[in-house]
Amino acid sequence: MSIKEHFEIPKRYKTWSLALMGIGILSIIVGFMMYGSTTRFWSALLQNSVYFLLVVNAAMFFFCASTLAMGGWQLVFRRVTEAISACVIPIGIITFIILLCIVFGKKDGVYDWLNKDLVSKDEILKGKSAFLNTTFFTVWTTLSIGLWTVLGMKMRSLSRQTDNAPLSIEEGKKYIFKNTVWASLYIVWFALTVASTVPWLWLMSTNAHWFSTMYSWYTFASTFVGGLALISLFVIYLKNKGYLEYTNHEHLHDLGKFQFAFSIFWTYLWFSQFMLIWYANISEETIYFKNRFAGPYAGLFYLNLTINFLAPLLIYMSRNSKRNYTTVTFMSVALLFGHWIDFYQMVFGSTIKDHVPMNLFDFGIAAGFVGLIMWQTGVVLSKYPLLAKNHPFFKESIIHHT
Amino acid sequence: MAIKKFAVGCFDDEAVLFSAIKKVRSSGYKIHDVYTPMAIHGLDKAMGLRDTALHTAGFIYGITGTTTALGGIGWVFTSDWPINFGGKPHFALPAWIPITFELTVLFASVGMVLTFCYLCQMAPFVKKHHFHLRATDDLFVMVIECTPKTNETEVINFLQSAGAKETNIQYAETGWWLGRYDKERKPFERKETALV
């Protein structure tokens, strides 16, 4: 079998990604002219940048988690995961700039804890000010994005190390151990950031009075499903273009299973958070769901549940649908959109409570990020071989079946 | 059920077993079953077995559980014995979800276990013929059904050439009967010809 090891970016792909990025930049300019530097403007940037950053970062999480679990099955498409995770660099920089603009521009419509007068009069916000303050926010954001980038780059360079040099058994063992060490460092940092503090800091603090300890897990589940959907989409795209000869419906089946499982996991966390608040009926807690469950966001609330829970539950339940390229493509797009909606109601439900301001501006920015992900992933894919063919587990991945 | 004649070949290597199955099938012998100490990926496909419908049964049991829970709780709390719990509506769906979920899982799992036991004809005191005791330990045992047209020696030779370490001809009951492995002798036992 002849193997196409190098991805050449098709012309149409390039045009599309550039066009989408153009739409994104245009949307930001038009949005700025329409709304100025308002809560509406910054909320849209916050939602989109954080969502897409955490989604591409989830690809690195997938990569490191399967490394730690000694999972070999994903090696045939590992380079796709790596390429997606390389998007953490540009999107991380953009998110960093947006977050700092919000914090140093004192946009207290987005983060109400930025308002000093409000905090000084408010016992609860005063109590949280050790965590919710500009210095901590800046330092923690820098560290988070910085270490995701650095550790991600390290993992990617480790993976590329073997490209031209087949490993002996001894070297292979050492190589696996080295991978394990770096992957665990990433996972620990991931647990300290995405799985706990970062969603509190970036998203939950838009509603500084309210808190939920489950919030970060729920956000993580959301982005992990998004990340898996993104991986599936790129795998299917490359497959359609005649690359990734060793990847087949067995690998797709497992990606589908992951999407299915983590959609249910997302629902579990979402529901646990909702049900406890609903049942206890304490006004400080229910305030979060007041406009989401019964107010103007009720439509999004149910749309969120339908796309992210009911659709995967019913569509991904059967074995055949997870092995079908069309169904997986359809569901991946739906889930990426569904979790984007989820983030939308997280951010806008707190910053603009009385109506849903969704319009083309939001979709335009989202298109910009999609274009950026396409561009960066395409560039990284074309730079390095598509197969990590000297990895000790590579054969396991080729003969993988479910 | 009936007593039938079988040719048994024992393999000690998974890779040999797979190629043997391919050869046996392509030369037109009828594989009764293959007994292995552990689950082997892809064996069902190699043997040409159709996909099990167990998961469809599981789905049906699951939605039966969902309906039972929602129907039961719904009836009790809205019409049979409505109670005011902290001002919540009588039809308090979010509060019922955990129990609905549990009942779905319970129905699906118990139903699937029982269906699985039924399909495999397994139950306490239900006895089935074992073609080779080491099939639960370290041997892969392939059993070929002998039809009236089958030439025994030919099959045995064929199995040996395909890599079988041990071969014999057995008469065995294909169904189950009640009994105990430790005490009872096979009630149907006939001659057991060991070749080689």
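Hi everyone, let me start with a pair of helices: in chain A, α9 and α10 cross in a left-handed sense. Please keep in mind that this is a predicted model. Helix α9(A) covers residues 215–240 and helix α10(A) covers residues 249–280, and their axes come within 9 Å, crossing at roughly 160 degrees. Angles over 145 count as roughly antiparallel, so that is what we call α9(A) relative to α10(A).

Who does the touching here? On the α9(A) side, the residues include A:Trp217, A:Tyr218, A:Phe224 and A:Leu228. They and their neighbours in the contact meet a set in α10(A) that includes A:Phe258, A:Phe262, A:Trp266 and A:Trp270. Sorted by class, this contact has 16 nonpolar and 5 polar residues, with no charged ones.

Now on to α2 and α8, also in chain A. Helix α8(A) runs over residues 169–202, and α2(A) packs on α8(A) at an angle of about 150 degrees, with the axes 9 Å apart. The crossing of these two is left-handed. From α2(A), the contact draws on residues including A:Leu54, A:Met60, A:Phe61 and A:Cys64, and from α8(A) on residues including A:Tyr186, A:Ile187, A:Phe190 and A:Trp202. The class count is 13 nonpolar, 5 polar and no charged residues.

Helix α3(A), residues 78–85, and helix α15(A), residues 360–383, pack at about 135 degrees with axes 8 Å apart. The two are therefore oblique to each other, and the crossing is right-handed. A:Arg79, A:Ala83 and A:Ile84 come from α3(A), while A:Thr377, A:Val380 and A:Leu381 come from α15(A). That gives 4 nonpolar residues, 1 polar and 1 charged.

Let me turn to α1. Helix α1(A) spans residues 11–35, so to speak a run of 25 residues, and reaches 36 Å from first C-alpha to last, close to the 36 Å expected at 1.5 Å a residue. Which of its residues are buried? In α1(A), they are A:Ser17, A:Leu20, A:Gly24, A:Ser27 and A:Gly31. What do the buried residues of α1(A) pack against? Their partners are α2 (39–68) and α15 of chain A.

Finally, a word on the two chains. Their contact takes 8 residues from chain A and 7 residues from chain B. On the chain A side, the residues divide into 6 nonpolar and 2 polar, with no charged ones.

Terms used
Residues numbered from 1 in each chain as written. Chains lettered and ligands numbered in written order. Predicted model: local features only at pLDDT ≥ 70, side-chain atom pairs only at ≥ 80, totals over all residues. Axes fitted to C-alpha atoms, helices over the stretch in contact; angles between N-to-C directions. Helix = DSSP H or I, 4+ residues; strand = E, 2+ residues; numbered from the N terminus. Parallel < 35°, antiparallel > 145°, perpendicular 65-115°, else oblique. Left-handed = near helix turned anticlockwise from the far one by under 90°. Contact = placed C-beta atoms within 7 Å. Nonpolar A, V, L, I, M, F, W, Y, C, P; charged D, E, K, R; others polar. Buried ≥ 20, exposed ≤ 12 C-beta atoms within 10 Å, placed from the backbone.
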